[in-house]
Amino acid sequence: MKTGIYVHIPFCRSKCFYCDFLSFACKKKNSAQDFDLYLKKLLGEINNCAELKKSYIETIFFGGGTPSILPHEFIYKILDAIYKNSLGTTKKNPEITIESNPESLNQEKICAYKSYGINRISIGLQAIQDKFLKKIGRAHNFKTFERVYDIAKKFFNNINIDLIFALPDQNLSDWEENLRYIKKIQPEHFSAYSLIIEKDTKFYFANQKNKLNLPDENLERQMYHTIKKILCDYKQYEISNWAREKKFECRHNKIYWQLKNYLGFGLGAHSFFNNMRWHNTNNLKKYLTQNNFREEIIKSTRQSLIEEFIFLGLRLNQGVNKNKFKKKFGCEINNIYHNQISLLTKQKLLAENKNFIFLTNYGRDLANHVMSNFIL
Ligand SMILES: C[S@@+](CC[C@H](N)C(=O)[O-])C[C@H]1O[C@@H](n2cnc3c(N)ncnc32)[C@H](O)[C@@H]1O
Ligand code: SF4
């Protein structure tokens with residue numbers, strides 16, 4: 001079975017004000033012990049995973065949190081365990097990504113990652129202006145990013161940069177400065193996410209007290225559309241993702257969007273394998289102390305698979321593949337959704353060609369509305 005592997009590292013230097021990802025700010029003096037305990041448990045999980053033993057590895061993604069906060073030898077041990085417990089890799093060289101934060105990267109780590117076979121590095125920049133980095137609670141400044149990016153470039157020819165727009169007090173020209181910087185340094189890939197005010201984050205509470213000056217919806221959409229104008233040499237292939245060439249599109253994320261098999265290891269990690277879905281507990285104590293930490297193990301129904309195939313497929317610019325839909329579900333997509341597709345097409349939210357149904361530019365602005373029409 002071809003499989004993507006996700007490994008979750010739930011530690012960060014500090015907690016950014018907008019972030020509700022499953023991660024903990026770690027105090028330096030306790031962190032070595034926390035990391036050791038976590039690694040031990042993670043290796044146990046990998047060694048005992050029956051599904052991994054039936055898998056050929058297509059991609060590996062270290063996500064977080066901040067995977068680069070760990071000593072690099074931990075990453076080696078995790079990779080080694082994955083290889084030893086699987087059937088090997090697929091014929092195509094696997095894509096192996098590590099997410100990182102500038103303040104926890106250095107030449108030694110970057111060089112070690114390369115020697116372990118990691119071939120894609122993702123760096124969270126978020127913004128180039130220190131005043132915004134400070135405002136959103138990032139632990140790095142722009143100078144630190146520049147330094148580690150220069151080192152990363154020496155070792156990697158596939159680098160992703162994460163950005164966030166529609167930040168408090170950000171105007172269009174602030175955002176455009178970020179885009180012009182990306183144009184200048186030409187990473188192989190970048191992601192640009194519109195800020196989401198997530199529940200129970202610092203920003204959530206500040207916003208409730210009306211203390212965040214957030215861009216309005218019009219400005220937020222203008223910021224989104226300006227990406228295409230300034231970075232016209234990049235190809236957008238998903239709502240929030242752009243690649244310089246097709247070969248740099250993130251293979252791991254495409255496994256999610258194309259509803260293929262993946263196994264998640266570590267705290268809170270999600271898996272989809274053989275039409276079964278589950279996730280690990282979000283409770284660190286439970287993860288570290290118990291053996292049975294898989295939760296909500298659910299066999300997907302045909303209906304839920306159809307809906308997911310469409311929601312995920314529509315995120316991609318190429319859209320939902322009609323032939324693959326037919327092969328997977330035994331009928332034409334138009335037989336099930338004829339009314340929805342013709343209405344949304346009339347409204348210029350969807351378009352169709354011979355093989356695909358996809359969101360128009362206008363449809364991408366109203367993606368949630370379009371997708372809600374496909375709930376059976
Ligand atoms: C798993 S997260 C963090 C990876 C890494 N620790 C970092 O901070 O760069 C991946 C990306 O999601 C984006 N992100 C996280 N929270 C967000 C939010 N509330 N709104 C918009 N984007 C967010 C950020 O761009 C972040 O780099
Ligand atoms: S955005 Fe990244 S560094 Fe910041 S708290 Fe979230 S996972 Fe950690």
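The protein has 15 helices and 17 strands. Helices (H or I, at least four residues) and strands (E, at least two) are DSSP runs, numbered from the N terminus. This is a predicted model, in which local features need pLDDT of at least 70, side-chain atom pairs count only at pLDDT 80 or more, and totals for chains, interfaces and linings use all residues. Residues are numbered from 1 along each chain as its sequence is written, while chains are lettered from A and ligands numbered from 1 in the order in which they are written.

Start with the overall form. The C-alpha atoms fill a box of roughly 60 × 50 × 40 Å along the principal axes. The radius of gyration is 21 Å, which agrees with the value near 21 Å for a compact globule of 376 residues. That radius is taken over C-alpha atoms, and the globule rule is 2.2 Å times the number of residues to the power 0.38. Of the 376 residues, 37% are buried. A residue is buried if 20 or more other C-beta atoms lie within 10 Å of its own, exposed if 12 or fewer, and partly exposed in between, with C-beta atoms placed from the backbone. Two residues are in contact if their C-beta atoms, placed from the backbone, lie within 7 Å. Among contacts between residues at least 6 apart in sequence, 70% join residues at least 24 apart.

Now look inside. A nonpolar core is a set of buried Ala, Val, Leu, Ile, Met, Phe, Trp, Tyr and Cys residues joined through C-beta atoms within 7 Å. The largest such core has 68 residues. Ile5, Ile82, Ile121, Leu163 and Phe165 touch the most other members. Apart from this core lies another, of 15 residues, including Ile306, Ile357, Val370 and Phe374.

Thr59 sits in strand 4. Thr59 is buried, because 25 other C-beta atoms lie within 10 Å. Beyond four places in sequence, Thr59 is in contact with Gly4, Ile5, Pro94, Glu95, Arg251, His252 and Ile255. Lys40 is 19 residues from Thr59 along the chain, and their C-alpha atoms are separated by 22 Å.

Next come the ligands. A residue is near a molecule if its C-beta atom, placed from the backbone, lies within 6 Å of it. Ligand 1 is surrounded by 16 residues, the closest being Tyr18, Gly124, Asp162, Tyr193 and Ile196. Strand 4 (56-64), strand 6 (120-126) and strand 7 (159-165) are the elements that give two or more residues to this shell. By class, the shell around ligand 1 has 7 nonpolar, 6 polar and 3 charged residues. Here Ala, Val, Leu, Ile, Met, Phe, Trp, Tyr, Cys and Pro count as nonpolar, Asp, Glu, Lys and Arg as charged, and the others, Gly among them, as polar.

Around ligand 2 are Cys12, Lys15, Cys16, Cys19, Phe21, Ser23, Gly64, Gly65, Thr66, Asn101 and Gly124. This shell divides into 4 nonpolar, 6 polar and 1 charged residues. Gly64 and Gly65 are joined by a cis peptide bond, with omega about 15°. Gly65 lies in the loop between strand 4 and helix 2 (72-84).

Most residues other than glycine have a negative phi, and most peptide bonds are trans. Asn210 has a positive phi of about 60°. Asn210 lies in the loop between helix 7 (202-208) and helix 8 (217-230), and counts as exposed because it has 7 C-beta neighbours inside 10 Å. Lys211 is in the loop between helix 7 and helix 8. With 10 other C-beta atoms within 10 Å, Lys211 is exposed. Leu259 has a positive phi near 55°. Leu259 is in the loop between helix 9 (251-257) and strand 11 (262-265). With 19 C-beta neighbours inside 10 Å, Leu259 counts as partly exposed.

Helix 11 (residues 302-315) has 14 residues and should span 20 Å at 1.5 Å a residue; its end C-alpha atoms are 20 Å apart, which agrees. The expected span is 1.5 Å times one less than the number of residues. Its buried residues are Ile306, Phe309, Ile310, Gly313, Leu314 and Arg315. Met371 lies in helix 15 (residues 367-372). Setting aside neighbours within four places, Met371 is in contact with Phe311 and Leu314. Met371 counts as partly exposed, with 17 C-beta neighbours inside 10 Å.
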